[in-house]
Amino acid sequence: MPPRVAIYDVGPRDGLQNEPEVLRPEVRADLVDRLARAGLPALEVASFVDARRVPQMGGAEEVVEALERVDGVVYAGLALNERGYERLVAAGLDEVRFAFGATESFNRRNQNASVDESLASAARIAERARGDGIRATLNISVAFGCPFEGPVEESRVLELAEKLAAMEADEILLADTIGVAVPTQVRRLVARVSELGVPVGGHFHNTRNTGYANALAALEAGATVLDASVGGLGGCPFAPRATGNIATEDLVYVLEGEGHDTGVDLAALIEVSKWLEGVLGRSLEGQVYRAGPFPAL
Ligand code: MG
């Protein structure tokens with residue numbers, strides 16, 4: 001049986017959050033619906049943060065309300081604190097993704113909290129999620145490199161992952177937020193975190209053209225979840241001229257070719273990217289939607 005990998009399309013949240021355009025909630029819900037119909041098993045649909053800070057994510061509840069849900073698809077959202085978590089649960093999502101940084105400098109700037117404070121929030125959210133019957137993924141941002149502190153020690157991330165595993169998270173996600181990792185590093189860290197007995201996910205950016213190689217390395221090392229963004233939506237907030245998330249259709253192309261079962265209909269996904277290109281009025285970072293599948297579908 002070919003190995004199964006769950007791709008989370010984070011385009012509607014992580015992608016659009018880092019693009020200049022502010023799309024209306026109905027359009028963002030439409031994007032989510034199109035991705036679900038293309039066979040994506042899981043989607044990051046909204047962020048429950050302060051819309052004054054992140055205008056692209058305003059109207060999170062309206063996005064969720066407008067969804068035409070597909071049975072079996074996991075609809076996830078981002079929360080950075082308990083207030084966000086409460087909004088997410090009230091909106092009716094299936095999964096909370098809580099994110100914090102591996103370094104003090106990054107976490108202070110992004111979460112306005114120390115790493116210890118974020119770990120305490122993670123523990124409370126994981127516990128509440130169990131009580132509320134929803135999944136909890138705990139994300140370690142800048143797990144391979146930090147824009148303020150440079151390279152991040154593997155032992156540091158492992159120590160954080162051990163604490164998250166003790167919280168009985170449904171999944172631990174390692175994020176290369178600024179796109180600096182290389183495959184050997186990814187293979188080593190994912191393998192060590194996988195030993196903790198919690199499913200491991202990888203979130204890779206193609207900022208320095210290593211994103212797809214890193215995604216494959218993560219799978220080889222035992223990851224069962226990969227994040228990607230339709231069309232490669234989303235820039236890199238710390239490298240303004242660079243690309244960000246790996247593109248979902250490009251990832252699906254290489255994974256299916258490598259014998260993994262993603263469950264995604266590549267031809268349908270390519271149509272979503274073409275539609276999105278029209279919505280944004282410019283071409284996207286992804287390459288497979290422009291080149292087409294091979295052999296032609
Ligand atoms: Mg990202």
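## Report on a predicted protein chain

Glutamate 168 is found in the loop between α7 (154-166) and β8; helices (H or I, at least four residues) and strands (E, at least two) are DSSP runs, numbered from the N terminus. The model is predicted, so that local features need pLDDT of at least 70 and side-chain atom pairs count only at pLDDT 80 or more, while totals for chains, interfaces and linings use all residues. Residues are numbered from 1 along each chain as its sequence is written, and side-chain values use heavy atoms, with hydrogens and water left out.

Strand β8 (residues 171-175) contains glutamate 171. With a relative accessible area of 1%, glutamate 171 is buried. Its side chain forms a polar contact of 3.4 Å with that of threonine 137; a polar contact is a pair of N or O atoms within 3.5 Å, and within protein one must be able to donate a hydrogen and the other to accept it, while residues adjacent in sequence count only if both atoms are side-chain atoms. Beyond its neighbours within four places in sequence, glutamate 171 is in contact (heavy atoms within 4.5 Å) with residues including Tyr8, Arg97, Arg135 and Val225.

Helix α3 (residues 60-66) holds alanine 66, which counts as partly exposed at 36% relative accessibility. Residues up to four places away in sequence aside, alanine 66 touches Ala29 and Asp33.

Towards the end of the numbering, phenylalanine 294 and proline 295 are joined by a cis peptide bond with omega of about -10°. Proline 295 is placed in the segment after α12 (288-291).

As a whole, the protein chain has 12 helices and 10 strands. Its radius of gyration is 17 Å, close to the 19 Å that the globule rule gives for 297 residues, so the chain is as compact as a globular protein of that length. The radius is taken over C-alpha atoms, and the rule is 2.2 Å times the number of residues to the power 0.38. Buried residues make up 56% of the 297 residues.

Notes. Buried < 20%, exposed > 50% of the residue type's maximum accessible area, 1.4 Å probe, protein only.
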